[in-house]
Amino acid sequence: MQMQVQDAGEGLVNVALVGRLDTPGVDAIETRLTAHLVPRGARAIVDLSQVAFLGSGGIRMFISIARALGRRGGKLALYAPQPLVAEVLETTSLNDVVPVRADSASAAAAVRG
Amino acid sequence: MPAARAETDFPGTHAGFAAGFDWLRERLDAQELGAAPRYNVELVFEEIVSNIVSYGAVRGRELRIRVTLESAAATIVLIFEDNGIAFDPCQRTTAPPHARSLEEAQLGGFGLILVRHAARSFTYERTSAGCNRVTVTLQRAAG
């Protein structure tokens, strides 16, 4: 699992994830991703376009980070999931509590709103 | 396609989980399986085995997991057996948690929701040898 964090300006952080968000994938990035985003209460958008697999561990990770961000004035949104990953987001109702958008512009609008 | 059966046995540890997943991928690579059914098979394996590894261990006993993969024309059946704590996942909730806010959202329980969504059937029995046996049947075709 690979992760690239980029400051996109105006307080926005873009995170690109590449690989599988299964148990080993979540173990590989959760601590680093949390450390990048949560202490500064980031407004963060996460690019899922190159995530080929998402399991329940990834769902738990996103809720945990989004909740911690919310307590610090930040916000998390996800964007561009592949169809099978999008189905997991819908099945678990993650999209009820974390915005999931089609592209980076609409995800950025969701965390700024 | 002719029915095929394969099984593996591995320790209920993170390393065992990884080895088991490698075994599953090799078997699936050898089959003509669409993207969605393959995703579902891997998702079921991920959720059931990670649950066993995380919560199944009994103090003083090595946790072992046996997985059987049965492939037929219309279905794929995964059978998970472990010697851990008795646990019937079929008794758990079927309804997705509808949280109105992040503070209300559950952090757990999603794995079994995903298994139920992916599976055509999902059964549990406690064997006479004192093991958990979970049988999950999936459709070969997307749908």
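A residue counts as buried when its relative accessible area is under 20%. Keep that cut-off in mind as you look at this predicted model, starting with chain A: of its 113 residues, 53% count as buried. For chain B, with 143 residues, the figure is 45%.

**The two chains side by side**

Here are some overall values for each chain.

| Chain | Extent of the C-alpha trace | Source of values |
|---|---|---|
| Chain A | about 30 × 25 × 20 Å | principal axes |
| Chain B | about 50 × 40 × 30 Å | principal axes |

Let's walk through chain A. A compact globule of 113 residues would have a radius of gyration near 13 Å, and chain A, at 12 Å, agrees with that. The chain exposes about 4700 Å², with carbon and sulfur atoms supplying 47% of that area. If you take the contacts in chain A between residues at least 6 apart in sequence, 70% of them link residues at least 24 apart.

Chain B has 3 helices and 5 strands, laid out along the sequence as β-α-α-β-β-α-β-β. For 143 residues, the compact-globule value is near 15 Å, and the radius of gyration of chain B is 15 Å, so the two agree.

**Two helices lying together**

Now zoom in on chain A. Helix 1 of chain A (residues 23-37) packs with helix 2 of chain A (residues 56-71) at an angle of about 10 degrees, and their axes are 11 Å apart. Because of that angle, helix 1 of chain A is roughly parallel to helix 2 of chain A; the cut-off for this label is under 35 degrees. Which residues make the contact? From helix 1 of chain A come A:Val26, A:Ile29, A:Glu30, A:Leu33, A:Thr34 and A:Leu37, while helix 2 of chain A brings A:Gly57, A:Gly58, A:Arg60, A:Met61, A:Ile65 and A:Leu69. Sorted by class, this contact of helix 1 with helix 2 of chain A has 7 nonpolar, 3 polar and 2 charged residues.

Find A:Val98 in the loop between helix 3 (83-91) and strand 5 (100-101) of chain A. Is A:Val98 buried or exposed? A:Val98 has a relative accessible area of 1%, so it is buried. Leaving out neighbours within four places in sequence, A:Val98 is in contact with A:Ala66, A:Leu76, A:Ala77 and A:Leu78, plus B:Leu102 from chain B. A:Val98 and A:Ile63 sit 35 residues apart in sequence, with 7.5 Å between their C-alpha atoms.

That loop between helix 3 and strand 5 of chain A also holds A:Ser93. The phi angle of A:Ser93 is near 60 degrees, a positive value in a residue other than glycine. A:Ser93 counts as buried because its relative accessibility is 8%.

A:Ala80 has a positive phi too, near 60 degrees, and A:Ala80 is not a glycine either. You'll find A:Ala80 in the loop between strand 4 (75-79) and helix 3 of chain A. With 23% relative accessibility, A:Ala80 counts as partly exposed.

Methods: Residues are numbered from 1 along each chain as its sequence is written. Chains are lettered from A and ligands numbered from 1 in the order in which they are written. This is a predicted model: local features need pLDDT of at least 70, side-chain atom pairs count only at pLDDT 80 or more; totals for chains, interfaces and linings use all residues. Side-chain values use heavy atoms; hydrogens and water are left out. Axes are lines fitted to C-alpha atoms, for helices over the stretch in contact, and angles run from 0 to 180 degrees between N-to-C directions. Helices (H or I, at least four residues) and strands (E, at least two) are DSSP runs, numbered from the N terminus. Angles under 35 degrees count as roughly parallel, over 145 as roughly antiparallel, 65 to 115 as roughly perpendicular and the rest as oblique. Contact means heavy atoms within 4.5 Å. Ala, Val, Leu, Ile, Met, Phe, Trp, Tyr, Cys and Pro count as nonpolar, Asp, Glu, Lys and Arg as charged, and the others, Gly among them, as polar. The radius of gyration is taken over C-alpha atoms; the globule rule is 2.2 Å times the number of residues to the power 0.38. Buried means under 20% relative accessible area, exposed over 50%, partly exposed in between (1.4 Å probe, protein chains only). Accessible areas come from the Shrake-Rupley method with a 1.4 Å probe; for residues, only the protein chains shown count as cover.
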